[in-house]
Amino acid sequence: MTIPKLEFPPFRLPPEVETLREEVRTFLKETLPKVQSDDGFASWTTPSPEFSRALGARGWIGMTWPKKYGGHEKSFLERYVVTEEILGHSAPAGLHWLADRQSGPLLLRFGSEEQRQSIVPRIARGECYFCIGMSEPDSGSDLASVRTRAEPVPGGFRVNGTKVWTSGAHRSHYCVALVRTSGQHGDRHKGLSQLLIDLETPGITLRPIINLAGRHDWNEVTFSDCFVPESCLIGNEGDGWLQVTSELAYERSGPERFLQNFYVLRELVRVLGRQPSGFAGAILGRLVARLWTLRQMSVSVAGFLEAGKSPTIEGALVKDLGTIYQQELPEIARRLAESDATSEEDMADFLDLAQHCTMMAPTYTIQGGTTQVLRGIVARGLGLR
C-alpha cells in the first residue's frame with residue numbers, strides 16, 4: 001500500500017504579485033482612516049459596509065471569479081496577497097469575508113445559472129453578505145449528524161431545525177444551510193443537501209450568542225416550517241456532503257488561520273521598543289519564526305490551489321498549527337510585555353488588548369473544524385488510522 005506523503009514544497013510568490021501588494025498597502029493606508037469600525041483592532045470578523053464596498057470597487061472581492069459574474073479572473077496568488085495585506089493591516093473585512101472565501105465559489109461551482117447571475121455580482125461589489133449554517137446543537141464538528149430537515153413539498157422545501165455558532169447571521173442576507181433532504185439509510189453522508197436561504201424568509205428566528213469578550217459575533221438560527229423555493233437548492237439534491245468538504249479545503253489553509261490576531265504581535269513589537277533585552281528579543285524572534293513558518297506552509301498550499309490541486313491534509317495541518325500559535329500568542333506576549341515594556345502607558349493599553357485577545361482565543365479551536373477533527377483528517381490521510 002502506498003502511504004500518502006505530507007508535502008509543503010517551497011513556493012515563491014511571483015514579482016507581479018508583489019507589485020500588487022504595494023498597491024493594496026497604499027489603498028489601505030488611504031482608506032482605513034476613513035472607515036467606521038466598532039473595533040480598535042479589527043480582523044476578518046469585524047464588519048464595515050464602507051470598507052467592503054470600497055474593496056469591491058477596487059476589484060478585490062471575487063478576484064478569481066469569471067468576469068461574466070462580476071469577478072476579475074485574477075490568479076489565486078493575487079487573491080492571497082490581497083488577503084494577507086487585509087489581515088496584516090487589521091482591516092474590517094467581516095461582512096464580505098465568508099461570501100468571498102466560500103459562498104461565492106460554492107455558487108460558481110455548484111449553483112444554478114440563476115443563482116450565479118442574481119447573487120455573485122453583488123458579492124463581488126461588496127454588497128451581499130453570507131453566513132454558513134453547518135454546526136448544530138449536540139453535533140459539534142460532526143457535520144454528517146445534522147438533523148435540520150428540509151422536507152420536499154410542492155414548489156420547494158419545508159425546513160425545520162436549528163443551526164448554532166452561525167457567524168454574522170444577524171448581518172447577512174443569505175444563509176447557506178446544510179440540511180437533510182432524505183433519510184440516512186445507514187450512510188450518514190447521503191441525503192444531505194445545501195439550500196440558499198434568504199434570511200428575511202418567514203419562519204426564521206435569530207438569537208444572539210454573546211462570547212467571552214462581550215461581542216455578538218455568533219447566532220443560533222432556528223427554522224420553523226420555513227418554506228424555501230426549489231430554486232434555492234444548490235446543485236443536486238443529495239450532493240451536500242461533496243459541496244461542504246470542497247468548501248472546507250479553502251477555509252482551512254488561508255492566512256486568516258494564523259494572522260487573525262497579528263495585531264498582538266505588531267503591538268508587542270511597538271511596546272518592547274527598538275532595542276528589547278536579550279531575553280525579550282529571543283522570545284520575540286521565536287514568535288516571528290513560528291509565524292514565518294506558518295506563512296510559508298500556507299503559501300505552499302496556495303501554490304497547490306493555483307495549480308488546481310486539492311491539498312486537504314496540508315490545509316488541515318496549517319489550520320491546526322495556526323490555531324495553536326494564535327492561542328498561545330496572547331499569553332506569551334502579555335508576559336513578555338510585563339517584563340520589558342518601555343512605558344507604563346504602553347503597558348496598560350497592551351494589557352487591554354491582550355485580555356481581549358485571550359478571551360477570543362478559544363473560538364479559534366472550532367473555526368473551520370475542531371482541532372480533534374483536523375488531526376483525524378491528517379492521521380487518516382497519512383495512513384496512521
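Analyst: Two strands pair here if DSSP finds at least two bridges between them, and a strand is a DSSP run of E with at least two residues, numbered from the N terminus. This is a predicted model, where local features need pLDDT of at least 70, side-chain atom pairs count only at pLDDT 80 or more, and totals for chains, interfaces and linings use all residues. Residues are numbered from 1 along each chain as its sequence is written, and side-chain values use heavy atoms, leaving out hydrogens and water.

User: Happy to start with β6 and β7: over how many bridges do they pair?

Analyst: Strand β6 covers residues 204-210, and strand β7 covers residues 216-229. Their pairing is antiparallel, and the number of bridges is 7.

User: Which residue in the turn has a positive phi?

Analyst: The turn belongs to the hairpin of β6 and β7.

User: Is D217 buried or exposed?

Analyst: D217 lies in strand β7. Its relative accessible area is 9%. Because buried means under 20% (exposed is over 50%, partly exposed in between; 1.4 Å probe, protein chains only), D217 is buried.

User: Which side chain makes a polar contact with the side chain of D217?

Analyst: Beyond its neighbours within four places in sequence, D217 is in contact (heavy atoms within 4.5 Å) with residues including T166, H170, R171, I209 and M360. For the polar contact (an N or O pair within 3.5 Å, one able to donate a hydrogen and the other to accept it; residues adjacent in sequence count only if both atoms are side-chain atoms), the distance is 2.9 Å and the partner is R215.

Methods:
Helices (H or I, at least four residues) and strands (E, at least two) are DSSP runs, numbered from the N terminus.
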